[in-house]
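Q: I would like to learn how to read helices, their packing and the loops between them in a model. Where do we begin?

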Amino acid sequence: MMFSRRFIAILAVVALLGFGTAQARDDEYQRLSDRLERLTSDPALGQRAPAQMDRARAALAQFKEAGRGERKQLVYLVDRRIDVAQASAEAESLESQRADLQRENDRLQLASARRDAAQARAELERQRLQSQIRAEEAERLQREAEAARAEGEQAAQAADAARAEADQAKRMAAAQAKATALAKKEAELEAAVNGKPKAPAAPAKPKPKAKPKSNPAPSGN
Amino acid sequence: MTTRITKIHALVAVLATLSLQACSPTRPPIEDLADASRALGAARAAGAPVYAAAEYRSAGQRFDQAQSAEAHQDYDAATQLARESAADAELATAKARLGKAREAVAKLRHDNAELDRDLGEHAAPEAQP
């Protein structure tokens, strides 16, 4: 009888322990279920990574149906499955953002390329205008140089003419002086022949070969 | 009374034997180890050593432990560790994908901001008439 009481007490303790363990298992299940529920109801992530979400749900269902020993092993795997589902959903969300950003990047690159092309065209036009201005300036300078050269040639010709005229005048003056000297000598000789006293002879007026314009012949004195 | 005690002892002995049989090692977890090895390879290929170093390291350690347990014919432990290793490796792969996506998004945000600022500062010249 005493043994029976002891046996019943042991059974009660075992039952209590079992109840406690079952309660702990339910708490564990509740924790995992809440985690998955939070993830699936997340507005940004809930609809993403459906395959991984399904695997997490399946792992949780397996955990719920599993026996005590198996649950202990499964809890780690269920946690990891939920982690995988969450990471995959976040990655999908970021990949979607990346696609949007890439489209924006393409648009900006296109705008940048168009801007660069417009700048290149504007630079080309500026260079063309500058080149045209330089060509016109060079042409004008060339015309001026030609005009100056022609003017210089005319001045040189005038100078040559003046030099030639001066030379001619000099030659005429020398000839006139020579003629005067000869006339004087002739008069002296004539006077000596006639026995007349020597009188000053009037200088013969030589006929100039050409009449200088600016340098008149000196008088016979 | 003695007979009843004997019966109870016999029942307990039978239950204990059955429990031990239920928990006894079954066979080498060849498939689980192969799955874990494949998952580790996939994680490595995905860049997990860089982007999810902790998870990748944990997967490798569990895989080593699983192999060691199998070598000691502790097949239950080997099975459990191989499955945990595969789960860690899958998480490492997912986190590597996440890390790469984060990097790409950050880079594109930066590039777009630069391009936007550049376009704002150096606007295209007015079209010549």
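Predicted model: local features only at pLDDT ≥ 70, side-chain atom pairs only at ≥ 80, totals over all residues.

**Reading helices and loops**

A: Begin with one residue: Ala49(A) is buried, as 23 other C-beta atoms lie within 10 Å.

Q: Where is Ala49(A) placed, and what is its phi?

A: Ala49(A) belongs to the loop between α1 (2-40) and α2 of chain A. Its phi is positive, about 45 degrees, although Ala49(A) is not a glycine.

Q: Which residue in chain B is not a glycine and yet has a positive phi, and is that residue buried or exposed?

A: Gln73(B) has a positive phi of about 60 degrees. Gln73(B) sits in the loop between α4 (53-71) and α5 (75-121) of chain B. With 10 other C-beta atoms within 10 Å, Gln73(B) is exposed; the cut-off for exposed is 12 or fewer.

Q: How do I read the span of helix α3 of chain A?

A: Compare the expected span with the distance between the end C-alpha atoms. Helix α3(A) covers residues 68-194, and because its 127 residues at 1.5 Å a residue should span 189 Å, the 184 Å between its end C-alpha atoms agrees. There is also a kink in α3(A) of about 40 degrees, centred on Leu74(A).

Q: How many residues has helix α2 of chain A, and what does it reach from its first C-alpha to its last?

A: Helix α2(A), residues 50-65, has 16 residues and reaches 22 Å, close to the expected 22 Å.

Q: How do I find the sides of a helix?

A: The general idea is that an α-helix has 3.6 residues a turn, so residues three or four places apart point the same way. In α2(A), the buried residues are Gln52(A), Met53(A), Ala56(A), Ala59(A), Leu60(A) and Phe63(A). They cover an arc of only 125 degrees around the axis, which puts them on the same side of α2(A).

Q: Which residues are exposed on the other side of α2(A)?

A: Pro50(A), Ala51(A), Asp54(A), Ala58(A), Ala61(A) and Glu65(A) are exposed there.

Q: How do I describe the packing of two helices?

A: Two packed helices are described by the angle between their axes and the distance between the axes. For α2(A) and α3(A), the axes come within 8 Å and cross at roughly 165 degrees. That makes α2(A) roughly antiparallel to α3(A), since the cut-off for this class is an angle over 145 degrees. The crossing of α2(A) and α3(A) is left-handed.

Q: At what angle do α2(B) and α5(B) pack?

A: Helix α2(B), residues 30-45, packs with α5(B) at an angle of about 20 degrees, and their axes are 8 Å apart. The two helices α2(B) and α5(B) are therefore roughly parallel to each other, as angles under 35 degrees count in this way. Their crossing is left-handed.

Q: How many helices and strands are there in chain B, and what share of its residues is buried?

A: Chain B has five helices and zero strands, in the order α-α-α-α-α from the N terminus. Of the 129 residues in chain B, 33% are buried.

Q: Where does Ala89(B) lie, and is Ala89(B) buried or exposed?

A: Ala89(B) lies in helix α5 of chain B. It counts as buried because it has 31 C-beta neighbours inside 10 Å. Ala89(B) and Ala52(B) are 37 residues apart in sequence, and their C-alpha atoms are 9.5 Å apart in space.

Definitions and conventions. Residues numbered from 1 in each chain as written. Chains lettered and ligands numbered in written order. Helix = DSSP H or I, 4+ residues; strand = E, 2+ residues; numbered from the N terminus. Expected span 1.5 Å × (residues − 1). Bend = angle between axes of the 7 residues up to and from the residue. Buried ≥ 20, exposed ≤ 12 C-beta atoms within 10 Å, placed from the backbone. Arc of directions from axis to C-beta. Axes fitted to C-alpha atoms, helices over the stretch in contact; angles between N-to-C directions. Parallel < 35°, antiparallel > 145°, perpendicular 65-115°, else oblique. Left-handed = near helix turned anticlockwise from the far one by under 90°.
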